[in-house]
Amino acid sequence: MSRISFFGLLTLALISPSTFAHTGETTGFTAGLLHVFTGFDHLISMIAIGVWAACLTKTTQKTLLALTPVVLMCGMLIGTAFEWVSIADTGIALALILVGVLISSQMNFIGKGLVPKTAVAAFVAVFLLFHGVAHTEAFGATPVPFAIGLMLSSGLLQMAGLVTGNWLTKQMPGTPKLIGTLVSLTGIGLISVSVISG
């Protein structure tokens with residue numbers, strides 16, 4: 001894939017109307033499976049976590065992927081008990097800023113284990129908790145099938161991000177810094193929109 005075609009696909013993904021708001025059916029397995037693809041912040045977050053994982057050791061990558069369904073479910077349970085959606089959205093935006101910084105600064109250190117596995121696990125757990133809490137508003141009448149679909153699609157997006165991160169490191173080693181910057185700017189933009197809209 002050429003540089004032009006890669007950034008063309010990335011641009012189309014970012015400007016697609018479906019990525020700017022959660023839309024469509026909000027009940028059942030299919031809704032949960034598709035839900036993460038219809039929200040810009042959640043879509044970018046899951047892919048960004050995967051891209052960042054490309055700079056970590058293989059063992060840490062497996063830990064990160066294994067955390068996804070468990071912590072998302074915990075977040076959804078917490079969100080069901082407490083109405084923390086607004087806090088969760090702010091947390092997601094702040095985490096995006098940090099993930100962007102990590103992508104930019106760590107991508108060139110593959111295999112050296114500069115980020116301790118426990119630190120990775122703690123950060124990803126908090127990040128995913130925010131996502132779980134934020135998604136409880138879309139549970140609908142069938143929360144369990146919805147949650148299963150959501151966890152599956154989130155894991156798939158992280159895997160896509162990991163594959164992308166590995167490919168970029170080999171084929172386009174200068175791009176991770178740019179992608180990390182864009183991810184951080186996305187987080188800043190989300191916070192700005194939240195502040196402006198009140």
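Me: Why does F123 count as buried?

Reply: In this predicted model, F123 has 16% relative accessibility and therefore counts as buried, since that word is used for under 20% relative accessible area, with exposed meaning over 50% and partly exposed lying in between (1.4 Å probe, protein chains only). Because the model is predicted, local features need pLDDT of at least 70 and side-chain atom pairs count only at pLDDT 80 or more, while totals for chains, interfaces and linings use all residues. Residues are numbered from 1 along each chain as its sequence is written, and side-chain values use heavy atoms, with hydrogens and water left out.

Me: What makes F123 and F127 a stacked pair?

Reply: The ring centres of F123 and F127 are 5.9 Å apart and the planes stand at 25 degrees, so the pair is stacked, given that rings of Phe, Tyr and Trp (its six-membered ring) pair if their centres lie within 6.5 Å, and that planes under 30 degrees apart count as stacked, over 60 as edge-to-face and the rest as tilted. The two residues are four apart in helix α6, and so about one helical turn separates F123 from F127; helices here are DSSP runs (H or I, at least four residues), as strands are (E, at least two), numbered from the N terminus.

Me: How many aromatic pairs does this rule give?

Reply: The count comes to two aromatic pairs. One of them joins W52 and F123, with 5.7 Å from centre to centre and 85 degrees between the planes, and is edge-to-face. Because W52 lies in helix α3 (residues 40-53) and F123 in helix α6 (residues 117-135), this pair ties together parts that are 71 residues apart in sequence. W52, F123 and F127 form one aromatic cluster.

Me: How do you know whether W52 is buried or exposed?

Reply: W52 has 1% relative accessibility, and therefore counts as buried.

Me: Which residues form the nonpolar patch on the surface?

Reply: The patch is formed by F29, V144, I148, L152 and L156, which together have about 470 Å² of accessible area. Its members must have over 30% relative accessible area and no salt bridge, and nonpolar side chains (Val, Leu, Ile, Met, Phe, Trp, Tyr) are joined within 5 Å, like charges within 9 Å; a salt bridge is a side-chain nitrogen of Lys or Arg within 4 Å of a carboxyl oxygen of Asp or Glu. Helix α7 (residues 143-171) supplies the largest share of this patch, four residues.

Definitions and conventions. Areas by Shrake-Rupley, 256 points an atom, 1.4 Å probe, with all protein chains shown as cover.
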